[in-house]
Amino acid sequence: MKLWIARDQYNDAYGRGCLTLHLYKPHLNRCGRWEDDTADGFLCVLSKDKFSEITFNNSPQQIEIK
């Protein structure tokens, strides 16, 4: 299954933004958060500690869950 993962630009004290998982490719809204235009595309918020290789600058990225 292919999904999209993205990290918001808003950072906590450790330099990590909110990490979200989506069914469809999200876009950056005017508040600096990733969203898509579907009712069921947003899946969940992941722990900020996970996937440190995903940054705001390289988001969104498509990943594959096997």
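Which residue in strand 2 is the bridge partner of W4? It's H22, and the close-ups below, all taken from a predicted model, start from there.

**View 1. Strand 2 with its two pairing partners.** Strand 2 pairs with strand 1 in the antiparallel sense, over 4 bridges. Strand 5 also pairs with strand 2, again antiparallel and over 4 bridges.

**View 2. The largest nonpolar core.** Five residues make it up: L3, I5, L19, L21 and I54. Strand 1 (2-7) and strand 2 (19-22) are the elements that give two or more residues to this core. Zoom in on L19 and you'll find contacts, beyond its neighbours within four places in sequence, with residues including I5, C44, V45, L46, F51 and I54. Nonpolar side chains tend to be buried together in soluble globular proteins.

View 3. D36 sits in the loop between strand 4 (34-35) and strand 5 (42-46). It's buried, yet the nearest side chain of opposite charge, K25, is 12 Å away. What the D36 side chain does have is a polar contact of 2.6 Å with the side chain of T38. Skipping residues up to four places away in sequence, D36 touches H22, Y24, K25, P26, H27, G41 and F42.

How values were computed:
Residues numbered from 1 in each chain as written. Predicted model: local features only at pLDDT ≥ 70, side-chain atom pairs only at ≥ 80, totals over all residues. Heavy atoms only, no water. Buried < 20%, exposed > 50% of the residue type's maximum accessible area, 1.4 Å probe, protein only. Lys, Arg positive; Asp, Glu negative; His and termini not counted. Salt bridge = Lys/Arg side-chain N within 4 Å of Asp/Glu carboxyl O. Polar contact = N/O pair within 3.5 Å; in protein donor to acceptor, adjacent residues only side chain to side chain. Contact = heavy atoms within 4.5 Å. Core = buried A, V, L, I, M, F, W, Y, C linked by side-chain atoms within 4.5 Å. Pairing = 2+ DSSP bridges.
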